[in-house]
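Let's take a walk through this structure together. Keep the picture open as you read.

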Amino acid sequence: MTLSRRAVLAGLGCSCIACGAGARGVQPIHTDPTALAPLLAPGFRPSDGDERGLWQQLDRAEGDIADSPIRVRDPALERYVGNLVGDMVGDNRRDLRCYIVRIPLMNASMAPNGMMTLYSGALLRMRDEAELAAVLGHESGHYLRRHSIASWRQRRDATSMMAFISVGLAIAGGAIGGGTSGSVASLNNSLALSTFRYQRDQEAEADAYGLKLAEAAGYQPHAASRFWRSMIAERDASARLRGKRREQPSLLFSSHPSDEARMTAMQDAADRIARPGRGYRDGATAYADALAPHRMAFLDDEIKRNDPGTSLHIINSLATPTWTGALRYREGEVYRLRGDPGDEPLALAAYTQAVTLSDAPPEANRACGYALLKAGSGAEGKAQLQAYLARRPDADDRGMIAFTLNQ
Amino acid sequence: MLLTAGCGLLLMSCTTTKQFTDIGFKAPVGTFSVVVMQPDVEIGSLTAGGMFEVRDDWTRNAREQIIVALKQREAARGGSVTLFDPATADATHRDALLDLERLHRVAGAEVLKHKYLGHSLPTKKDRFDWTLGPDAAALAQATGADYALFLYTRDSFSSGGRQALQALGYAGCLVLVCIAIPGGEQTAFASLVELRTGNIVWFNLTDSNVGDVRTPAGAGKMVGHLLDTFPVGAKSITAGR
């Protein structure tokens, strides 16, 4: 359901920040962020037939997302994200609407009608407002530079050209009696590749635009490259635990520049755009406060994806510099759910540390209790289960726990 | 790939309408009412490369023409039509009704896929048992109707570029390389839901170009095709409250 909706949105010309993997080795164009200006005025409404049709379809998709059960319905969090977008885009603030959806992946997308979608997995991974500003700025850049409609038109024209080439050369081949399939294939391949190339250039431009918007709003411009560095480290960690190398995407058939290339380009751009002596903020405290009611729920979604390398990387990153009981409990959960040989002691060690910290949820006592029982420490295990029942008197599984305690 | 698709589509160009009825469904007798949901319409042009480009003006126009055609058809039979759009419902029912409309959008697409387009499901081979579930009763409460009629129309018209490509394909016949490029396509279905149970009790599809739905004549023809076998008698399509 989620996948198909994403596919639909992609088909309708939504630009997303990390759809699939990017092209390795393709250097993004080094756009000068300061040279980019909005291509539409505040209150923009499309007048061209194709763009109006696209908006009509997206308006309906927006209704679906607005009413969807996966939308995170927290007015405070929506206001927080919306205000941050508004601060960056200024007069265009009324044209952009941001929806937070509960999907545990790192992504965000922008539709041509101003509907921005931010995944909970992106919020989970960010450490401060400056990183959030980089992603929201990138998506706003797609909107302000009218990327969706330009991309749609590019694809429409390229596929039309391909159709004419196929038919024209097939007929020419019939007329002169020679095979033309080789020329058809090579011409059409180059047209198809031009579409990928076009999208990669748009992504690079949106990166640059996002940097400009975030810097102007007073956010540390190096946050963007820092965030991408962390994404690279996460993918490496995920691949390492699976005993594989990180997916190396195709050089040509990618709609996005590679993570490394993006990181380097954004770091260079940040070096150039940063104004010496200007005090930039990262907004780490405000960000942590805004996300606090949801962070552990978003992390629980992530853990259920069964990608322990990614989950542990995120947990370790959130636990820097300080481990909390809530994070130690989740660390134990990752090991318990993976269940490889040697994971039980790792899970037990994490649970044991979790319950000594003040903010561990009651479920940490339960998990610790069962892990201790399994490890043969009956009395200590039962004490933890009793602590769980004491902390959660109305627990659904009270009967089951009582049964274990009476064994 | 373009050419293979073309041949496949050419074979389907004859008029096909085939209706499905829920097993055990009996056309109602006595007094009952049918609410007509806001028709789900998207009309656009087919680009030379085969992409569908929606046009909002054509879509709006076609939706209006379909509604007019429906009203005229029922007026001729002595009935009347009132449309219902969940978006205009009062706040307490709005979300549930919009969800129901979305659910039908998915269910209708599934019927289309599995009953008409060849992807038949082993468990639904010889029967027709699609349902929106008991939540459909919310629509009965909101409108006072016994049944809801959903109409879906997608239509595409060849763009100038597509027509040029078609002409080029035919011109190829001069050197004995005839290439038939398919033009725009129409797909429309009507679906009747029994609101007490939520079951789709009757479904009919037309996938032929019976007429240009942006015009009164074309819309009238399409609505006529779709509802020819509509199982309930005259004076039936009336909204509740």
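Predicted model: local features only at pLDDT ≥ 70, side-chain atom pairs only at ≥ 80, totals over all residues.

Which residue of β6(B) stands opposite B:Leu46? B:Ser158 does. Residues are numbered from 1 along each chain as its sequence is written, while chains are lettered from A and ligands numbered from 1 in the order in which they are written.

Back to chain B. Strand β6 covers residues 147–158; strands here are DSSP runs of E with at least two residues, helices are runs of H or I with at least four, and both are numbered from the N terminus. Two strands pair if DSSP finds at least two bridges between them. Strand β3 (residues 40–46) of chain B runs parallel to β6(B), with 7 bridges between the two. Strand β2 (residues 34–37) of chain B is also parallel to β6(B), joined by 3 bridges, and there B:Val35 sits opposite B:Ala148. Strand β7 (residues 186–194) of chain B takes the antiparallel sense, with 9 bridges to β6(B); one of the pairs is B:Tyr152 with B:Phe189.

Why is β6(B) described as largely enclosed by the rest of the structure? Because 9 of its 12 residues are buried. A residue is buried if 20 or more other C-beta atoms lie within 10 Å of its own, exposed if 12 or fewer, and partly exposed in between, with C-beta atoms placed from the backbone.

Now hop over to chain A. This chain has 17 helices and 4 strands, and 41% of its 407 residues count as buried. Have a look at strand β4 (residues 115–119) of chain A, where 5 of 5 residues are buried. In a regular strand the side chains alternate between the two faces of the sheet. In β4(A), A:Met115, A:Thr117 and A:Tyr119 point one way, A:Met116 and A:Leu118 point the other way, and all are buried.

Strand β2 (residues 97–101) of chain A lies parallel to β4(A) through 5 bridges, and A:Arg97 is paired with A:Met115. Strand β3 (residues 108–110) of chain A is antiparallel to β4(A), with 3 bridges, and A:Met110 pairs with A:Met116. β3(A) and β4(A) make a hairpin with 4 residues between them, and A:Gly114 in the turn has a positive phi of about 100 degrees.

Let's stay with A:Leu118. Two residues are in contact if their C-beta atoms, placed from the backbone, lie within 7 Å. Leaving aside neighbours within four places in sequence, A:Leu118 is in contact with A:Val81, A:Cys98, A:Ile100, A:Ala108 and A:Leu123.

In soluble globular proteins, nonpolar side chains tend to be buried together. A nonpolar core is a set of buried Ala, Val, Leu, Ile, Met, Phe, Trp, Tyr and Cys residues joined through C-beta atoms within 7 Å. The largest one has 84 residues, and A:Leu118 is among those with the most contacts inside it, as are A:Met88 and A:Tyr351. Helix α5 (residues 129–144) of chain A gives the largest share of this core, 8 residues. A second, separate core has 46 residues, including B:Val35, B:Leu100, B:Ala107 and B:Leu205.

How do the two chains meet? Their contact takes 25 residues from chain B and 22 residues from chain A. On the side of chain B, the elements giving two or more residues are β4 (52–54), α2 (56–76), α3 (91–116) and α5 (160–171).

Finally, how confident is the predictor? Its confidence in each residue, from 0 to 100, is called pLDDT. Chain B has a mean pLDDT of 82, and 84% of its residues reach 70 or more. In that chain, confidence is highest in β3(B), at 94, and lowest in helix α1 (residues 2–11), at a mean of 32. Take care at residues 1–15 of chain B, where pLDDT stays under 50. For the model as a whole, the scores are ipTM 0.78 and pTM 0.85.

How values were computed: pLDDT = per-residue confidence, 0-100.
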